[in-house]
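Subject: Structure handover

Hello,

Here is the structure I promised to pass on. Please open it and keep it beside this email while you read.

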Amino acid sequence: MNCCFLLPFILGIPLIWPCFTATEISTTEKVEHPVGSHFRVKRGWMWNQFFVPEERNETNYHIGQLRSDLDNGNNSFQYKLLGAGAGSIFVIDERTGDIYAVQKLDREERSLYTLRAQVIDSTTGRAVEPESEFVIRVSDINDNEPKFLDEPYEAIVPEMSPEGTLVIQVTANDADDPSSGNNARLLYSLLQGQPYFSIEPTTGVIRISTKMDRELQDEYWVIIQAKDMIGLPGALSGTTSVLIKLSDVNDNKPIFKERLYRLTVSESAPAGTSIGKIMAYDNDIGENAEMDYSIEDDSQTFDIITNNKTQEGIVILKKRVDFEQQNQYRFRANVKNRHVDEKLMEYHVEASTTFIRVQVEDEDEPPVFLVPYYLFEIFEESPHGSFVGMVSAMDPDQRKSPVRYSMTRSKVFSIDDNGTIVTTNPLDREISAWHNLSITATEKC
């Protein structure tokens, strides 16, 4: 006698789903006839796959029916369900062969159950059919929103990058079945970040849409949305944020904000003295803001060095100055970046310049004798008060202060305020033929 399992319908499953996979078993098997005779039959079609939607809230959701073609409806057959989930998740009406799900199922926890069915002749207690295996698949519904991986996202891209430059790729994951319609097919879009950035809708690749200047804004928050079901009605969505920072390129040259710097130096300052600082400003940062200063000084009196820590230019006295010879200097200072990429030379064609004016300050210098030494002659035995000679000194300062003179430790000579030297005691050549005199010239207060 020929027998098989029948599955007439499955409630609630759209016809467009590939709901059932039929397997034709063409082998002949020996099957015991209810009345005891034995003969060989060719088994026919048997449905071996059922579907049940996930997240159904019905207590007893009808999945389908197992039925032997030997069942004539006289209630002599009994249907049994075996395997993982039988009796707890799935139950069968032993009389009709109807299968029900008694629990809400989650495809993301388990998507497939393999069960076995058996048909028993209730009058004899013997199997009518060999035990048969079949599958219940949990079909997907769109119950999971996209979730972004690898958060938080942060990217760095050079400022002034051209349109189309790759910034970063974000990726969302959808736990729904990618083979079930469009439930897990994602589309990406920008909620925040236009017009500076764009995103490829299917890959999540973020690109630059327009050139950006770090000196105007150095970071941007971009908000990305991922929608499943390719954005169709009923789609679920998830969002993430991306912090995009602009790294610096050397697109700014240093510039002096002052057109003229006024410095002073004392004429008494030794060579190597620092007489002042100048400062140029560069909107770039780090290595791109490092600069070098130079000066154009025809007198070769001054020099300039760069403070690498503060990026200031320090003006140095190269050789001593004399107020009475020259009391003012004026020269040009230049500044340029130390590191410039050839691709960015267009921003550094002309160096920034400024002028430096140095005022020499007069110092109160002592009087200076007109000659380094004097030689006088006088006869011995000359009377007291005899004229010996006259010395002269002058104030080298601009104010030309009057000078007074003094003599150190002499018992036979004296000097007056005009520098005139006279004798105060008789002279004896045989006792001393030479007298060395020490004269001091002092400004009068």
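What share of the 445 residues in the protein chain is buried? The share is 39%. Keep in mind that this is a predicted model.

**The chain as a whole**

Look for strands. The protein chain has 36 of them, and 0 helices. Next, the contacts. Take those with a separation of 6 or more: 68% of them link residues 24 or more positions apart. Then the surface. The protein chain exposes about 25400 Å². Carbon and sulfur atoms supply 49% of that area.

**A sheet of 3 strands**

Start with the open sheet that has the order β6-β9-β8. Its pairing is antiparallel.

Now take the pairs one by one. Strand β9 covers residues 98–101, and it pairs with β8 over 3 bridges. That pairing is antiparallel. β6 and β9 also run antiparallel, joined by 4 bridges. Now find I99 in β9. I92 has I99 as a bridge partner. G64 has I99 as a bridge partner too.

Is β6 enclosed or open to the outside? 5 of its 5 residues are buried, so β6 is largely enclosed by the rest of the structure. A residue counts as buried when its relative accessible area is under 20%.

**A sheet of 4 strands**

Move on to the open sheet with the order β14-β21-β20-β17. Here the pairing is mixed. Which strands stand at the edges? They are β14 (153–158) and β17 (187–192), and each pairs on one side only. The twist averages 35° from one strand to the next.

β14 pairs with strand β21, which spans residues 237–247. The two are parallel, with 6 bridges between them. For one example, go to I156: its bridge partner in β21 is K245.

**The cavity**

How many cavities of 30 Å³ or more does the structure hold? There is 1. The largest cavity has a volume of about 40 Å³. How does one find such a space? Rolling a probe the size of a water molecule over the atoms shows where empty space is left.

Which residues line the largest cavity? The lining is made up of V52, P53, R56, E58, Y61, A101, Q103, K104 and L105.

Last stop. V368 sits in strand β30, residues 368–369. Is V368 buried or partly exposed? Its relative accessible area is 43%, so V368 is partly exposed. The limits for that label are 20% and 50%.

Now look at what surrounds V368. Leaving out residues up to four places away in sequence, V368 touches S392, A393, M394 and P396. M394 is worth a click. V368 and M394 are 26 residues apart in sequence, yet 5.4 Å apart in space, C-alpha to C-alpha.

Best wishes

Conventions
Residues numbered from 1 in each chain as written. Predicted model: local features only at pLDDT ≥ 70, side-chain atom pairs only at ≥ 80, totals over all residues. Heavy atoms only, no water. Buried < 20%, exposed > 50% of the residue type's maximum accessible area, 1.4 Å probe, protein only. Contact = heavy atoms within 4.5 Å. Areas by Shrake-Rupley, 256 points an atom, 1.4 Å probe, with all protein chains shown as cover. Pairing = 2+ DSSP bridges. 1 Å grid on protein atoms, 1.4 Å probe; cavity = no way out; pocket = protein on both sides within 12 Å on 5 of 7 lines; lining within 4 Å. Points joined across faces, edges and corners; volume = space filled by probe spheres on them. Axes fitted to C-alpha atoms, helices over the stretch in contact; angles between N-to-C directions.
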